[in-house]
Amino acid sequence: VNPPSVVRHEDGTYSGFLVTLLEEMQRDAGFLVEDVSLSPEALNISTVPWVACVHDAAAKRVDLCLGTWWETPERRALTPIAASIFPANFMLMVKRLEPQGSGLSAVFIPFAWELWGLILLCIAATATALLLVEWYKQEDEYEPSRGFAYAACVSLYLGLVGLFSGGPAHGPRTMGGRLILTGYGFLILVVTASYTANLAAFLTVKNS
């Protein structure tokens, strides 16, 4: 019994638009209507009323199962099923995506601001480590005569250029500097791949 399709009253009578349809069929075809409960045999197979009713119809314990239920391949294999009286339209409701940025700020959408801060911190740490190892070995790059602050700015600049260009921009000459730059190159690889994947996912969701 599925209101408003079928409504069972306390006095044992039924109403609803499916009941009205059955009464119209009874008047036109001239058959008798008898309310039959689901058999124990069918309920032993399935306690779902719609499935049990199909098994009763397949076993010819009932002539007609009238209700609001889905037509599945398993049920069609048991007994003939007439065409649907009305379609069941299902819609998928999803949360509306709020605008996350526009213009130049949209460039930073693929990563959270906390992650951007962590990336900048890694760049600063790498630039500082390379500066400490390479300061006096790279006179043409850091120009030690201009002071530590200038050399630190140059190293940080090269770190940012390395991230934005997709490859390290430093040119270390010591073994320690090369090891540091190898780790930084791996960081750039991970950041670039993650940024590209997140940007593609964001654009796909936005366009859909």
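Before we look at the chain, one term: a residue is called buried if its relative accessible area is under 20%, exposed if that area is over 50%, and partly exposed in between, with a 1.4 Å probe and protein chains only. By that rule Asp-56 is buried, with a relative accessible area of 1%.

What we have here is a predicted model, in which local features need pLDDT of at least 70 and side-chain atom pairs count only at pLDDT 80 or more, while totals for chains, interfaces and linings use all residues. Residues are numbered from 1 along each chain as its sequence is written, and side-chain values use heavy atoms, with hydrogens and water left out.

Let me begin with the overall picture. The chain has 8 helices and 2 strands, where helices (H or I, at least four residues) and strands (E, at least two) are DSSP runs numbered from the N terminus. Read from the N terminus, the order is β-β-α-α-α-α-α-α-α-α. The C-alpha trace spans about 110 × 35 × 30 Å along its principal axes, and the radius of gyration of the chain is 37 Å, whereas a compact globule of 208 residues would have one near 17 Å. That radius is taken over C-alpha atoms, and the globule rule is 2.2 Å times the number of residues to the power 0.38. Of the 208 residues, 25% are buried.

Now to the salt bridges, by which I mean a side-chain nitrogen of Lys or Arg within 4 Å of a carboxyl oxygen of Asp or Glu. How many salt bridges does this rule give? The count comes to 3.

Asp-56, the residue I opened with, meets Arg-61 in one of them, at 2.7 Å from N to O, and while Asp-56 is buried, Arg-61 is partly exposed at 37%. Another joins Arg-27 to Glu-24, with the closest N and O atoms 2.2 Å apart. Because these two residues lie 3 residues apart in helix H1 (residues 17–29), they are separated by about one helical turn. In general, an α-helix has 3.6 residues a turn, so residues three or four places apart point the same way. Arg-27 is exposed at 56% relative accessibility, whereas Glu-24, at 34%, is partly exposed. There is also a bridge between Arg-76 and Glu-71, at 3.4 Å from N to O, with Arg-76 partly exposed at 44% and Glu-71 partly exposed at 37%.

Let me turn to helix H7, residues 148–165. Its 18 residues should span 26 Å at 1.5 Å a residue, and its end C-alpha atoms are 25 Å apart, which agrees; the expected span is 1.5 Å times one less than the number of residues. Which residues of H7 are buried? They are Ala-151, Val-154, Ser-155, Leu-158, Gly-159, Gly-162 and Leu-163. After H7 comes Gly-166, whose phi is positive, near 85 degrees.

Finally, the surface. Phe-17, Met-25, Leu-64, Leu-66, Ile-85 and Phe-86 form a nonpolar patch with about 530 Å² of accessible area together. Patches are made of residues with over 30% relative accessible area and no salt bridge, like charges being joined within 9 Å and nonpolar side chains (Val, Leu, Ile, Met, Phe, Trp, Tyr) within 5 Å. The areas come from the Shrake-Rupley method with a 1.4 Å probe, and for residues only the protein chains shown count as cover.
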